[in-house]
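Student: Could you take me through this model and show me how its features are to be read?

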Amino acid sequence: MLDLFEEIKEEMVIVERELQATLQTPDPLLTETSTHLLMAGGKRLRPAFSLLGGKCADFHLERVLPLAVALELIHMATLVHDDVVDAAMTRRGVPTIKARWGNRISTHVGDYLFAQSLILIARYDDPLIPRILANTSVKMCEGEIQQISGSFDTEQTVKDYFYRINRKTALLIAASCQLGAVACGAPAEIHLALRRYGHNIGMAFQITDDILDLVAEQKQLGKPVGSDLRQGIITLPVIYALKHSPERERLRTLILSSNKSEELIQEAITIIQHCGGIQYSIEVAEKYIWKAKGALKNLPQRPAKIILEKVADFVSIRKF
């Protein structure tokens, strides 16, 4: 994935440096906890998308840098809070903040990360930037609440699933692509096209994540395989299997089981695979990839556009 971002490699180094600087505080505990997830690594997709969006317009790094850092902080805040809600003990192959410092510290660290993003966003005069990010943040919370309220609900529909992942994942990626261009003075036809691209990439990315949760190896994921099933999160392959599998009732029983052993998780995954749930989900993700690439057609022919096209191809084949 990093190879695709060669065009923005130097800018990403600066973003990383700025992230580190932003999270240095007079309080040693706050600095240690807030930088813990940062040090664990990550793809930095949202900052990268904002930079590439900016490079589709009149790019100046100083215009995009506060936005790029803020986007990653918002994303990190959601991960910290997710780990509290999910009682997750590892992320990216290392102990979570929740695992090391507990729920109380984790909750406040997540709040702190989000608050730091607000300081950065306040630097912008264009009201579109804070307005879109505020709206996105509200909808992300709606998506999380919907996921919690829908846990273990085996009657969920594909429409319910799309509603949730649009808010949980796609909206922030869409905003990243769009607002990088907005920060660099792009006209509406450019930044709205980038928003459409980001929305479709975000949907494909989350569907692929949900597929990998069932078929990837734990070393690749950085967390246990079948985590969603353990938590009762009903993803697209599961929705398909609950409707089409001859063993749908057995699958429903497995999902509703409060104590899922590794054997039961593997049995559920086998049912999902055998009925075509994985293949169906791959095909849906591919449709979103196709739509994402279509959104780029009328953009100026620049290196950033080519990279965005390659990113779309990567999402369709990624294994992690």
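The dialogue below turns to the core, then the cysteines, then a pair of helices.

Tutor: This is a predicted model, in which local features need pLDDT of at least 70 and side-chain atom pairs count only at pLDDT 80 or more, while totals for chains, interfaces and linings use all residues. Residues are numbered from 1 along each chain as its sequence is written, and side-chain values use heavy atoms, with hydrogens and water left out.

Student: How many residues does the largest nonpolar core have?

Tutor: A nonpolar core is a set of buried Ala, Val, Leu, Ile, Met, Phe, Trp, Tyr and Cys residues joined through side-chain atoms within 4.5 Å, where buried means under 20% relative accessible area with a 1.4 Å probe and protein chains only. Here the largest such core has 99 residues, and Phe49, Ile129 and Leu133 are among those with the most contacts inside it.

Student: How many disulfides does the structure hold?

Tutor: A disulfide is a covalent bond between the sulfur atoms of two cysteines, and the criterion is a pair of cysteine sulfur atoms within 2.5 Å. The structure holds zero disulfides; for Cys177, the nearest cysteine sulfur, that of Cys56, is 8.8 Å away.

Student: Is Cys177 buried or exposed?

Tutor: Cys177 counts as buried because its relative accessibility is 1%, and Cys275, at 17%, counts as buried too.

Student: Which residues of α11 and α12 make the contact?

Tutor: Contact means heavy atoms within 4.5 Å, and the residues include Val238 and Ala241 of α11 and Leu251 and Ile255 of α12.

Methods: Buried < 20%, exposed > 50% of the residue type's maximum accessible area, 1.4 Å probe, protein only. Helix = DSSP H or I, 4+ residues; strand = E, 2+ residues; numbered from the N terminus.
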